[in-house]
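Let's take a walk through this protein, one piece at a time. Have the sequence and the 3D view open while you read.

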Amino acid sequence: MGKRALLSVLLLVVIIDHCTPGNVATETASSTVIVVGAGMSGISAAKRLSDAGIKDILVLEATDRIGGRIKKTNFAGLSVELGANWVEGVNGNKVNPIWTMANKIGLKTFYSQWNNISANIYKQKGGLYNVSVAEKAYNSMNELYEFSRNCSVLLSRHREEDISVLVSQRLNNKIPSTPLEMAIDYFSCDSSFGEPPRVTSLQNTQPLPTYTNFGEDSYFVADSRGYESVVHYIAKKFLKTNKAGEISDPRLKLNKVVTEIQYSRNGVVVKTEDGKAYGTAYVMVSVSIGVLQTNLINFVPDLPYSKLLAIYQFDMSIYTKIFLKFPYKFWPTGNGTESFIYAHEKRGYYTDWQHLETEYPGANILLATVTDDESRRIEQQSNSQTKEEIMDVLRNMFGKNIPDATDILVPKWWSNKFYKGTFSNWPVGVSRYEFDQIRAPVGRVYFTGEHTSENYNGYVHGAYLAGIDSANILINCAKNKMCNYDIKP
């Protein structure tokens, strides 16, 4: 080899070595950990790291706020929740940590009553079902759910393969088929998991640890400070605030869209949309499973195939809460009327309803919930089209003379590239092995989020606890040099 050729090879080696993640020139001082995302799990993880003595943390958030999918907005002069709205799992043997914090800060919550639903089911046309007819169908469906729960326990006990909720219904020779049965099934299944029974895993959703461990009760948050005030409460435990009580810590950087994460055994470089690069020893990625399934963040090198396969198999549900304001109320109010169901021949067509007279007295607000394909469809049409569809449904329930809604609010989580949905759902076919792959670190890249919570995925408390768990794994590596993460076969 000639001198010129040898010099070229050596120059190439130097360039390659200089461009590896451990040696990329960065525009800011390096930190020990960068947390990508300032939702509940990201803030929870950052606090746990700080509590363990890892103070040189940098939190990069793509939006102009912290809280992630816990987000308030103004609607008709009121503060309403676009995303997470309930503290779910209360009054059981264990205390839900979110309930503890909500009470600590005096968050305004209201007990949700769903126990009289059979008296509030409306036909596609013609008003309410006869109570005895609706109650018979409701009791029959409850027997079906009890069978499914028992089936799940037996399958787990005998280490049998998982099945979908729908398959368990088939095993009992009872598949919801009439509009009334489908509406009750939707209210019980889809409104909890955001996806239909044919998709949802039986063993990983029945029975639900949230209600088994923390209690059967749920409380609706309706507070002018927003549910996100719980995230702020945690953040202020380790981030500096100004005299007004607002977070002013330079370790939290808003409007920083992460586009690339380069990692090697020497370190990590996180690049953002504005052209900045941040060096770090470790990175904690707390974006949603929906975002991980897109190309918003480019990992260099690519994540391992086993990791990607597990990520792509998990589901990101879409749960859309549509708020409507009216000039006056035309629906029943009082005890036992809070929730009502619309039984349409098309499953999930504006099925789930709730009036908010207790939460917002005199505001004349209704809340309609849609999920999955209906959410995607509605996100792609105008609000005026959605309002027209809803008014047709309401007039089928309450008569032709009811007034038009004066205001409508339709959140669009699926269309938002920073979320791509509302919460994760465990689909049939994803085993514990694959779930462990989802939350397993890849070298110096760690992962957290409600989708990494083994027992509480899809819930706010799941996000909070997952942040702590993921931080503990990172702490064990950074401080104790115990970096192996065992995935059970």
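Predicted model: local features only at pLDDT ≥ 70, side-chain atom pairs only at ≥ 80, totals over all residues.

At what angle do helix H10 (residues 305-313) and helix H13 (residues 432-439) pack? The angle is about 105°, and the two axes are 8 Å apart. Angles of 65 to 115 degrees count as roughly perpendicular, and H10 and H13 are therefore roughly perpendicular to each other. On the H10 side, the contact is made by Ser306, Lys307, Ala310, Ile311 and Gln313, and on the H13 side by Glu434, Gln437, Ile438 and Arg439.

Proline 301 lies in the loop between strand S13 (298-300) and H10, and the peptide bond from valine 300 to proline 301 is cis, with omega near -5°. Most peptide bonds are trans. There is another cis bond to look at, this one joining glutamine 206 and proline 207, with omega about -10°. You'll find proline 207 in the loop between H6 and helix H7 (209-214).

Now for a wider view. UniProt, in an unreviewed entry, lists residues 40-474 as "domain: Amine oxidase".

Next, the sheets. One of them is an open sheet of six strands, in the order S7-S16-S17-S18-S15-S19, with mixed pairing. Its edge strands are strand S7 (121-122) and strand S19 (407-409), each of which pairs on one side only. Inside this sheet, strand S16 (residues 339-342) and strand S17 (residues 352-355) pair in the antiparallel sense over three bridges. If you look for phenylalanine 340, you'll see it standing opposite tryptophan 353 in S17. In the loop between S16 and S17 sits tyrosine 350, whose phi is near 50°, a positive value in a residue other than glycine. Most residues other than glycine have a negative phi.

Which helices go with this sheet? Helix H6 (residues 179-193) lies across S7, strand S15 (319-325), S16, S17 and strand S18 (365-371), and runs at about 85° to S18. Helix H12 (residues 383-398) packs on the sheet too, touching S7, S15, S16, S17, S18 and S19. The direction of H12 makes about 95° with that of S16.

H6 has a helix partner as well. The axes of helix H4 (residues 131-157) and H6 come within 10 Å and cross at roughly 50°. H4 and H6 are therefore oblique to each other, and H4 passes H6 in a right-handed crossing. From H4, Val133, Ala134, Ala137, Tyr138, Met141 and Tyr145 meet Leu180, Glu181, Ile184, Asp185 and Ser188 in H6. The residues of this contact divide into eight nonpolar, one polar and two charged.

Last stop: an open sheet of three strands, in the order S5-S8-S6, with antiparallel pairing. At its edges are strand S5 (86-90) and strand S6 (109-111), and each pairs on one side only. Neighbouring strands here are turned by 30° against each other on average, direction ignored. S6 and strand S8 (residues 217-221) pair over three bridges in the antiparallel sense. Look there for two tyrosines: tyrosine 111 stands opposite tyrosine 219 in S8.

Conventions: Residues numbered from 1 in each chain as written. Heavy atoms only, no water. Pairing = 2+ DSSP bridges. Helix = DSSP H or I, 4+ residues; strand = E, 2+ residues; numbered from the N terminus. Contact = heavy atoms within 4.5 Å. Axes fitted to C-alpha atoms, helices over the stretch in contact; angles between N-to-C directions. UniProt positions renumbered as here; feature names shortened; annotations may be inferred. Parallel < 35°, antiparallel > 145°, perpendicular 65-115°, else oblique. Left-handed = near helix turned anticlockwise from the far one by under 90°. Nonpolar A, V, L, I, M, F, W, Y, C, P; charged D, E, K, R; others polar.
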